[in-house]
Amino acid sequence: QNNDNADWRHTLDTIVTYTATPQISLALNYDYGHDTYTNVSTVWQGVAAYLRYQPNARFALTPRYEYFKDRDAFATGAVQNLQEFTLTAEVKHKDGVLMRVEYRGDMSNLPYFLKNMTEATKNQNALTVGWIYAFSSKTP
């Protein structure tokens, strides 16, 4: 906050990862934030869970779920609970090319997302395809 050294923003970001097997790894993430803005205390928090399944060196599948509670409308501008689900498929080529295809679905308990730039809706979906080239590491 401009010209305000008395109010501190507190953020806690905790991540726990676990490799169950060489093919399966898990991660949990918890975020907590607190701030005082115009003498009003605000809190926001969220959790996320990830699972990565990689049966071989060339393919991986990663589902992810996230939940975010903006109790005081500080982070998103609306008092709401947001959820998100993502599924990412990853294919690696031996010459350093990586392709990712990702589906993401966002959901809110109120109409928060814009559809066709005019209509508010409670959810939105996205499909992304990405290509990455690694100059230094190659898959065997």
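**Hairpins and ring pairs**

Reader: Which residue takes a positive phi near 90° in the hairpin of S5 and S6?

Author: Gly-96 does, in a hairpin with four residues between its strands. This is a predicted model, so to speak: local features need pLDDT of at least 70, side-chain atom pairs count only at pLDDT 80 or more, and totals for chains, interfaces and linings use all residues. Residues are numbered from 1 along each chain as its sequence is written, and side-chain values use heavy atoms, leaving out hydrogens and water.

Reader: How many bridges join S5 and S6?

Author: Strands are DSSP runs of E (at least two residues), numbered from the N terminus, and two of them pair if DSSP finds at least two bridges between them. S5 and S6 (residues 97–108) have 11, running antiparallel; Phe-85 is bridged to Gly-105 in S6. S5 also pairs with S4, again antiparallel, over 12 bridges, and there Tyr-67 partners Gln-83.

Reader: What about aromatic pairs, and how many are there?

Author: Rings of Phe, Tyr and Trp (its six-membered ring) pair if their centres lie within 6.5 Å; planes under 30 degrees apart are stacked, over 60 edge-to-face, the rest tilted. The whole structure has two such pairs. Trp-44 and Phe-74 are stacked, because their centres are 4.9 Å apart and their planes at 15°. Trp-44 sits in S3 (residues 40–56) and Phe-74 in the loop between S4 (59–70) and S5 (80–92), so they tie together parts 30 residues apart in sequence.

Reader: Is Trp-44 buried or exposed?

Author: Buried (under 20% relative accessible area; exposed is over 50%, partly exposed in between, with a 1.4 Å probe and protein chains only): Trp-44 has 13%. Phe-74, at 26%, is partly exposed. The other pair, Tyr-112 and Phe-113, is edge-to-face, 5.4 Å centre to centre with 80° between the planes.
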